[in-house]
Amino acid sequence: MICQFVRSATICHAIGLYADGVTSSDPAAGGSYAPAAPASPDRPIRTAAFFDLDKTVIAKSSTLAFSKPFFSQGLINRRTVLKSSYAQFLFLMSGADHEQMDRMRTYIANMCTGWDVEQVKAIVGETLHDIVNPLVFAEAADLIADHKLCGRDVVVVSASGEEIVAPIARALGATHAMATRMVVEDGKYTGDIAFYCFGEGKVEAIRALADREGYALEHCYAYSDSITDLPMLEAVGHPTVVNPDRTLRKEASQRGWPVRTFSRPVSLRDRLPAAPSGAAVATTAAVGVSALAAGALTYSLLRRFAF
């Protein structure tokens with residue numbers, strides 16, 4: 001196979017092995033590390049492809065698949081399960097804008113206050129091995145494989161929580177995963193959000209990772225379906241919109257950005273590993289239950305619908 005993205009020998013570099021580690025999706029978290037050495041004739045340019053998750057890589061919300069197991073374990077009630085079903089429909093039909101995502105963040109934070117972190121992790125861990133949905137788009141999986149063939153790191157960047165994002169990213173063979181992180185005290189979620197991986201927050205995390213890994217963002221790629229990810233798309237040299245909402249489609253047309261349609265979902269069941277492998281993805285958040293609260297995604301859309 002030949003890399004479909006070849007533009008120069010320095011950009012499409014050979015795949016290398018990098019040390020395992022945990023990168024922080026919160027730029028304010030700090031931490032000491034040595035920035036990667038700059039590119040030179042003997043050191044090719046390092047690049048990455050950044051992927052949004054919901055409706056870009058997977059065909060539905062990564063959050064709402066967990067409404068039933070959360071209900072069965074008593075974390076949410078039947079009303080919330082019903083809301084999650086309707087929210088999924090609205091999400092697939094119209095997505096969510098900035099205002100709706102802000103409302104969602106507040107709703108999620110209030111809902112998960114007091115939840116036991118280990119209980120949430122156990123529920124998610126047990127469910128992931130049996131889950132059929134969410135479904136990954138075959139076109140996205142192929143595109144990720146193409147970028148890896150070109151030697152690029154693959155980074156999944158999502159407002160969803162790490163418990164969801166990391167296993168999916170690992171199943172897809174991603175190098176890093178960036179996700180929302182909640183504050184935890186005494187083993188329970190406080191209801192506060194330490195880092196919200198959304199909008200400009202995604203860009204901050206991307207730039208921090210690029211500084212750490214030595215990515216040349218002007219040679220990097222980004223993919224998203226939502227206008228809320230416009231800052232992420234603007235941060236790289238090669239933005240592409242996938243299954244875009246109306247506003248992002250208009251923006252892409254004005255800017256001359258490529259538009260792609262992903263429509264062939266395949267089950268993630270066989271892609272989810274039974275146990276973490278030695279090549280486990282380096283995640284960027286310790287805890288991110290914010291995206292796991294069933295029914296929370298696009299909850300603000302439900303204000304038009306009474307249960």
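Okay, so let's start with aspartate 52 and lysine 202: their side chains meet in a salt bridge, 3.1 Å from N to O. By salt bridge I mean a side-chain nitrogen of Lys or Arg within 4 Å of a carboxyl oxygen of Asp or Glu. Aspartate 52 sits in the loop between E1 and helix H1 (67-72), while lysine 202 is in helix H7 (residues 200-213), so this pair ties together parts that are 150 residues apart in sequence. Helices here are DSSP runs of H or I with at least four residues, strands are runs of E with at least two, and both are numbered from the N terminus.

Before I go on: this is a predicted model, so local features need pLDDT of at least 70 and side-chain atom pairs count only at pLDDT 80 or more, whereas totals for chains, interfaces and linings use all residues. Residues are numbered from 1 along each chain as its sequence is written, and side-chain values use heavy atoms, with hydrogens and water left out.

Back to that pair. Are they buried or exposed? Aspartate 52 has 7% relative accessibility, so it counts as buried, and lysine 202, at 2%, counts as buried too. The cut-offs are under 20% relative accessible area for buried, over 50% for exposed, and partly exposed in between, with a 1.4 Å probe and protein chains only.

How many salt bridges does a search of the whole structure find? Nine. Another one of them joins the side chains of arginine 46 and aspartate 153, at 2.8 Å from N to O. Arginine 46 lies in the segment before strand E1 (48-51) and aspartate 153 in strand E3, so here the parts tied together are 107 residues apart in sequence. Both of these residues are buried. Then there's glutamate 213 with arginine 212, at 3.5 Å from N to O. Glutamate 213 is buried at 12% relative accessibility, but arginine 212 is partly exposed, at 29%.

Now the strands. Seven of the ten residues of E4 (residues 176-185) are buried, so the strand is largely enclosed by the rest of the structure. E4 runs parallel to E3 (residues 153-161), with four bridges joining them; for two strands to count as paired, DSSP has to find at least two bridges between them. Valine 156, for instance, has alanine 177 in E4 as its bridge partner.

Last bit: packing. The largest nonpolar core has 38 residues, and Phe51, Val57, Phe70 and Trp115 touch the most other members. H6 supplies the largest share of this core, five residues. A second, separate core of 24 residues includes Phe50, Ile206, Cys220 and Leu248. A core here is a set of buried Ala, Val, Leu, Ile, Met, Phe, Trp, Tyr and Cys residues joined through side-chain atoms within 4.5 Å.
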